Amino acid sequence: MKYSVAFLFVAMFACVLAAPPQQEAQVLRYDSDVQPEGYKFAVETSDGKSHQEEGQLKDIGTDHEAIVVRGSFSYVGDDGQQYTVTYLADENGFQPEGDHLPRL
């Protein structure tokens, strides 16, 4: 049993060493604007990822005060295809949409 565990550990370690090195993505664009009642940002990286988001407070000063966030992110999947998710997050929860996501 000891030898099996040792062999498994050595095999897993060898797989980690044999894996191709991950390239570090470079930030191509980063914009940010933070205000007292909201924010927005956008970031793009050299590996094909992007993320934009905007948040605003609503019903300020009431018992129903909440933040509403709208945004989207994109990435290149392992299959080489570009995937995009747009979303809304508010008092009703996180609501994502994307062509690759199931619809309810």
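Student: Which residue stands opposite Gly 71 in strand 5?

Tutor: Tyr 87 stands opposite Gly 71. Strands here are DSSP runs of E with at least two residues, and helices are runs of H or I with at least four, numbered from the N terminus. Before going on, note that this is a predicted model: local features need pLDDT of at least 70, side-chain atom pairs count only at pLDDT 80 or more, and totals for chains, interfaces and linings use all residues. Residues are numbered from 1 along each chain as its sequence is written, and side-chain values use heavy atoms, with hydrogens and water left out.

Student: How many bridges join strand 4 to strand 5?

Tutor: 8 bridges, and the two strands run antiparallel. Two strands count as paired if DSSP finds at least two bridges between them. The hairpin of strand 4 and strand 5 has 5 residues between the strands. One of its residues, Gly 80, takes a positive phi near 85 degrees.

Student: And what does strand 5 do with strand 6?

Tutor: They run antiparallel too, joined by 5 bridges. Ala 89 stands opposite Phe 94 in strand 6. This hairpin has 2 residues between its strands.

Student: What's the overall pattern along the sequence?

Tutor: α-β-β-β-β-β-β. That is 1 helix and 6 strands.

Student: Zoom in on Glu 53. Where is it?

Tutor: Glu 53 lies in strand 3, residues 50–58.

Student: Buried or exposed?

Tutor: Glu 53 counts as buried because its relative accessible area is 16%. The cut-offs: buried is under 20%, exposed is over 50%, and partly exposed is in between, using a 1.4 Å probe and protein chains only.

Student: Which side chains make polar contacts with the Glu 53 side chain?

Tutor: Tyr 39 does, at 2.5 Å. So does the side chain of Tyr 87, at 2.4 Å. A polar contact is a pair of N or O atoms within 3.5 Å; within protein, one must be able to donate a hydrogen and the other to accept it, and residues adjacent in sequence count only if both atoms are side-chain atoms.

Student: What else is Glu 53 in contact with, leaving aside neighbours within four places in sequence?

Tutor: Besides Tyr 39 and Tyr 87, the list has Lys 40, Phe 41, Val 69, Arg 70 and Gly 71. Contact means heavy atoms within 4.5 Å. Gly 71 and Tyr 87 are the pair you opened with, standing opposite each other.

Student: New topic: salt bridges. How many are there?

Tutor: The structure holds 5. Each is a side-chain nitrogen of Lys or Arg within 4 Å of a carboxyl oxygen of Asp or Glu.

Student: Which residues are linked in a network?

Tutor: Arg 29, Asp 31 and Glu 44. Between Asp 31 and Arg 29, the closest N and O atoms are 3.0 Å apart. Asp 31 is partly exposed, at 41% relative accessible area. Arg 29 is partly exposed as well, at 31%.

Student: What does Glu 91 bridge to?

Tutor: Lys 58, at 2.9 Å from N to O. This pair links distant parts of the chain, 33 residues apart. Glu 91 sits in the loop between strand 5 (82–90) and strand 6 (93–97), and Lys 58 is in strand 3. Glu 91 has a relative accessible area of 48%, so it is partly exposed. Lys 58 is also partly exposed, at 29%.

Student: And Asp 47, what's its partner?

Tutor: Lys 49, with the closest N and O atoms 3.6 Å apart. Asp 47 is partly exposed at 35%. Lys 49 is partly exposed at 45%.

Student: Last one. What share of the chain's residues count as buried?

Tutor: 18% of the 104 residues.
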